[in-house]
Amino acid sequence: MCNVRTLRIDAKSIIDFPVQPLTVTDIKQYLRSKDIPFHDGYSCLHAPSIFLEPAPEGSGRENYSLFIDKTTGQFLCKETLVEGSWEDLQDCIEVMLNEGQKSISPNVLLGFPESLEEQEEIEMEMKEVQRIWSSSVPFSDLLEEEVQLVKTMFQIGKLTNATLKKFGVRFFKPTKSLVFPWFSGRDSGLRGVKLLSAAVKDDGRVVYTEATVPKVSSYHNLFGLPLMGRKDGEVVLTGREVDSMAVSQATGLPSLALPRGVSCLPPILLPYLEQFKKVTLWLGGDMRSWEASKIFSRKLGLKRCSLIRPGEFQPCPSEALAQGRNLVRIVKASIPAAHKSIVSFKQLREDVYGELANVEQVAGIQWSRFLELNRILKGHRKGELTVFTGPTGSGKTTFISECALDLCMQGVNTLWGSFEINNVRLAKIMLTQFAKQRLEENLDQYDMWADKFEDLPLYFMTFHGQQNIKTVLDTMQHAVYLYDISHVIIDNLQFMMGQENLSLDKFAVQDHIIGAFRKFATNSCCHVTLIIHPRKEEDDKELQTASIFGTAKASQEADNVLILQEKKLVTCPGRRSLQVAKNRFDGDVGIFPLEFNKASLTFTAPVKGKQKLRKVAVDKNNSTEETEEIEFKETSEKPVKSAKAKTKTVKGSAAGKGSTKGSTDGERKNQ
């Protein structure tokens with residue numbers, strides 16, 4: 001008997017881009033050409049819905065319920081919940097006008113049948129939603145001691161039963177979870193639920209986990225939206241449901257919670273926020289929340305946004321309520337998101353203090369698989385450019401895919417641009433690294449690991465081979481807007497240079513591309529990792545910063561330079577090592593050994609035997625790098641466990657200086 005299985009490709013994880021990017025001018029010109037009235041909103045154009053019967057002329061009841069995203073053209077009719085792409089809207093308008101009608105049935109788009117598998121999945125999810133909701137208990141039906149126990153478990157002791165009832169929160173006893181409902185549509189029907197669970201770890205820490213039905217990618221609940229009035233002009237956006245309830249209870253202001261917290265603000269939610277003239281973002285009490293607030297305010301419109309800066313006296317709303325702080329005063333003390341081009345230290349003072357007071361958070365996201373990288377680079381930060389190089393065939397793509405996967409598993413929204421290997425092969429590598437085993441030998445586990453892998457905030461560009469830089473940058477910008485991408489990997493630079501103007505100097509073209517990526521990283525507050533092939537070097541020579549192909553611009557523009565070193569003439573373990581040759585954040589540089597596990601396609605630090613580590617030093621007079629080899633033997637507490645190798649790092653940025661001077665415009669070499 002032959003087992004047949006189907007594999008569904010999730011189109012949302014593949015990012016393509018039209019040849020000609022859509023602009024708001026294009027949208028306006030098209031609407032004018034079809035005599036469709038509209039007016040400008042903050043992030044959308046507002047137009048009468050073509051899916052509703054038009055109001056009688058002169059009634060003054062024109063319903064501008066169709067919202068068209070200015071950036072993507074994606075539309076939503078808030079009355080009928082019909083949504084789709086700009087092309088879908090154009091098709092509907094053309095059909096309506098060709099038939100001489102003034103409106104079109106929403107079933108034109110709602111009626112498209114899903115595939116059988118997708119239809120079954122939707123039906124199963126809705127049954128699960130109804131099961132959880134019908135089995136959950138309102139707080140008014142719980143005993144008083146049970147209510148107090150639940151409130152203590154979730155640290156919401158200051159939230160009143162009236163507030164919990166107002167927001168429709170229930171308790172699900174089988175998993176001891178809070179249940180937050182998602183009501184939407186004209187009939188305010190139940191479309192989904194979010195479950196918040198608490199668990200106590202061995203060390204006594206309480207860890208909270210969230211689960212949504214339907215899955216996260218389809219869960220677009222602005223918690224608290226049914227409580228909004230049509231005339232409300234101010235709203236406080238929070239990152240968690242309990243924070244939203246705390247703001248509402250303490251201030252009386254309309255408050256909404258974003259469905260995915262600080263990780264993403266899906267553009268499909270923007271139409272629901274168009275009515276508010278003032279939006280205050282209070283996403284949390286840490287630096288990650290602060291960074292997300294600044295990014296989201298760009299999408300919402302800087303002029304109407306105010307931000308609440310995290311600090312000791314301004315924690316997240318639920319903590320502020322628990323500490324007895326004045327939430328009204330905190331909201332009133334919010335600062336405008338828009339700023340002038342020229343500022344004094346007075347405007348920067350609080351930002352500087354925030355960086356000094358939150359050193360670990362400012363350092364960025366920590367790697368869980370590469371602890372030595374944390375020790376040198378301190379973390380992965382937004383807005384930086386990392387240049388990564390290594391010998392041909394040394395495993396650059398494999399290493400950087402695990403490095404990016406590590407961050408993605410911690411919630412870093414990641415976009416892969418793989419121009420050298422196709423997406424299927426890349427996804428296979430990353431899935432193997434994710435599972436840490438050869439799935440070819442464990443096909444019965446494939447679906448389990450694939451389901452978990454599918455939930456990661458990971459996206460792929462559809463490009464392969466040589467591409468034009470403008471097209472790639474447009475796609476990256478598109479992804480940042482849609483999915484709040486914070487890490488882009490480009491593999492690799494040389495494959496993107498083929499379609500540039502061949503009459504130009506190839507080094508000048510490369511410099512232009514690197515400059516464009518540098519500008520993108522800074523302006524989009526997005527980390528860009530750029531893989532560049534090195535020059536051809538002798539097999540017995542180690543690569544240096546000057547070995548990066550092209551001029552010195554790559555290493556000069558980069559915030560970090562990583563080099564995967566490989567001893568090609570050595571076959572024993574420890575032949576590969578990772579060198580941090582530049583670190584603009586705090587100047588620490590160094591090198592540590594790597595060991596490749598072929599079964600899981602992962603890189604780890606060696607756990608036994610002698611290793612040679614090198615302390616990087618620079619002769620400032622000659623601007624050349626020298627390495628001092630240090631041999632050490634690891635100690636172990638038990639015969640079966642070896643201590644981790646200690647990595648030597650060098651304080652200061654001297655190691656990153658001078659090394660780029662060996663590659664000037666006058667000293668260009670062929671690859």
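Which strands does helix α8 (residues 287–300) lie across? In this predicted model, helix α8 lies across β12, β14, β15 (305–307) and β16, and runs at about 175° to β15.

**The sheet and its helices**

Those strands belong to an open sheet of five strands with mixed pairing, in the order β13-β12-β14-β15-β16. At the edges stand β13 (255–257) and β16 (335–336); each has a single partner strand, so one side of each is left without a neighbour in the sheet. Further in, strand β12 (residues 234–238) pairs with strand β14 (residues 278–282) in the parallel sense, over five bridges. Within this pairing, Glu234 has Lys278 of β14 as its bridge partner. Helix α7 (residues 241–251) also packs on the sheet, where it touches β12, β13 and β14.

| Helix | Strands | Angle |
|---|---|---|
| α7 (residues 241–251) | touches β12, β13 and β14 | about 175° with β13 |
| α8 (residues 287–300) | lies across β12, β14, β15 and β16 | about 175° to β15 |

Let us turn to Thr389, which you will find in strand β17 (residues 385–389). Thr389 is buried, with a relative accessible area of 0%. Its side chain reaches the backbone oxygen of Ile532 at 2.7 Å. Beyond its neighbours within four places in sequence, Thr389 is in contact with several residues, including Lys396, His533, Pro534 and Leu564.

Phe38 sits in the loop between α1 (24–33) and β2 (39–40). Ten residues separate Phe38 from Lys28 in sequence, and their C-alpha atoms are 8.3 Å apart in space.

Methods: Residues are numbered from 1 along each chain as its sequence is written. This is a predicted model: local features need pLDDT of at least 70, side-chain atom pairs count only at pLDDT 80 or more; totals for chains, interfaces and linings use all residues. Side-chain values use heavy atoms; hydrogens and water are left out. Helices (H or I, at least four residues) and strands (E, at least two) are DSSP runs, numbered from the N terminus. Buried means under 20% relative accessible area, exposed over 50%, partly exposed in between (1.4 Å probe, protein chains only). A polar contact is a pair of N or O atoms within 3.5 Å; within protein, one must be able to donate a hydrogen and the other to accept it, and residues adjacent in sequence count only if both atoms are side-chain atoms. Contact means heavy atoms within 4.5 Å. Two strands pair if DSSP finds at least two bridges between them. Axes are lines fitted to C-alpha atoms, for helices over the stretch in contact, and angles run from 0 to 180 degrees between N-to-C directions.
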